[in-house]
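Hi,

Here is the structure I promised to pass on to you. Have a look at it first, and then read my notes on what turned up.

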Amino acid sequence: MNQTKTVSPVMQAVFVALMLGLTALFAYLGTWQVQRLAEKEALIAAVAARFSQPPIDLPISTEWGRLDPQSINFQPMRATGILRNELSIRIFTSLVDGHGPASGPGYWIVTPLVLQTGGAVWVNRGFVPDAQSKSYFNEPAGTGEAVELTGIARPPEAVGMFTPQADVANRIEWVRNPDRLAAMVEPGLAPFAPFYLDLPAGPKGVLPQGGETVVEFPNNHLGYAATWFGFALITPIMLGFWLWRQRRPHLTPTA
């Protein structure tokens, strides 16, 4: 009978240090996810409260430079100005589970509202299916009369590495980003608000189909925390079993 060789003390120490380090890392990541859970729940509560508030007046243009768009995300706002329908831009999307009858591939119809207080804000009037979207290309100008609108403030959509360039000739964009949209209209409308407004739903079946603001935040932090704490629990158990085996080398029969 021969005894199998045990790991050297130096390698044992290295392995123990590695496993303890992993245990500490897993515990830290679990704690961090618990903190993120609390932050996300606070954010959801704040947004829910903000979304249900009465509309406030849209900030004037002199305040836009120091305004954090995230701080007003989902805030109902009212604004008065002239809708420049002839400058509308179509933003490609695919609407799933729409709140109205229209859904599938289509476009958001986004129009500048020239404000009475100066500057302009982009207004997302709603969704139009692809088959009906061409009628919103170079729309006729409106009456030129001021209108008062109430919508939900939304921050700019991010422009990624793979975001296509705007199709200027056909007035098509891919993201609801005020800076990108402003580059497609006359410079005299500037400045543009660093956010846009989603209009509420209108009569059923009327296009553009508004009221498609999605108030939803993924919140998987509890599951992530449980996973990391599970790793933190099982790692020292595995280490203890390994050390026990090292102290009780088993015997193997010789040939």
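**What I found**

Phe-74 is buried, with a relative accessible area of 2% (buried means under 20% relative accessible area, exposed over 50% and partly exposed in between, with a 1.4 Å probe and protein chains only). Before I go on, please keep in mind that this is a predicted model, in which local features need pLDDT of at least 70 and side-chain atom pairs count only at pLDDT 80 or more, while totals for chains, interfaces and linings use all residues. Residues are numbered from 1 along each chain as its sequence is written, and side-chain values use heavy atoms, with hydrogens and water left out.

One joins Ala-190 and Pro-191, with omega about 5°, and Pro-191 belongs to the loop between H2 and S9. Another joins Leu-207 and Pro-208, with omega about -5°; Pro-208 is in the loop between S9 and helix H3 (221-247). For context, most residues other than glycine have a negative phi, and most peptide bonds are trans.

**The largest pocket**

The largest pocket has a volume of about 350 Å³. On a 1 Å grid over the protein atoms alone, a pocket is an open set of points with protein on both sides within 12 Å along at least five of seven lines, a 1.4 Å probe that fits but cannot get out marks a cavity instead, and lining residues have an atom within 4 Å of a point. Grid points are joined across faces, edges and corners, and the volume is the space filled by probe spheres set on the points.

Which residues lie nearest the centre of this pocket? They are Trp-108, Arg-176, Glu-212, Thr-213 and Val-214, out of 24 lining residues. Strands S4 (89-95), S6 (120-129) and S9 (192-198) each supply at least two residues of the lining, and S4 gives the most, with three. By class, the lining has eight nonpolar, 10 polar and six charged residues. In that scheme Ala, Val, Leu, Ile, Met, Phe, Trp, Tyr, Cys and Pro are nonpolar, Asp, Glu, Lys and Arg are charged, and the others, Gly among them, are polar.

**Charged side chains**

The count comes to seven salt bridges, a salt bridge being a side-chain nitrogen of Lys or Arg within 4 Å of a carboxyl oxygen of Asp or Glu. One of them pairs Glu-157 with Arg-176 at 2.8 Å, N to O. Glu-157 lies in the loop between S7 and strand S8 (172-173) and Arg-176 in the loop between S8 and helix H2 (178-182), so the pair ties together parts that are 19 residues apart in sequence. Arg-176 is buried, at 14% relative accessible area, whereas Glu-157 is partly exposed, at 25%.

Arg-125 and Glu-139 form another salt bridge, with their closest N and O atoms 2.8 Å apart. This pair links distant parts of the chain, 14 residues apart: Arg-125 is in strand S6, and Glu-139 is in the loop between S6 and strand S7 (147-154). The side chain of Glu-139 also makes a polar contact with that of Ser-88, at 3.0 Å. A polar contact is a pair of N or O atoms within 3.5 Å; within protein, one must be able to donate a hydrogen and the other to accept it, and residues adjacent in sequence count only if both atoms are side-chain atoms.

Asp-198, in strand S9, may interest you as well. This aspartate is buried yet has no salt bridge, and the nearest side chain of opposite charge, Arg-176, is 4.2 Å away (Lys and Arg count as positive and Asp and Glu as negative; His and the chain ends are not counted). The side chain of Asp-198 does make polar contacts with the side chains of Asn-124, at 2.8 Å, and Thr-213, at 2.9 Å.

Best wishes

Notes
Helices (H or I, at least four residues) and strands (E, at least two) are DSSP runs, numbered from the N terminus.
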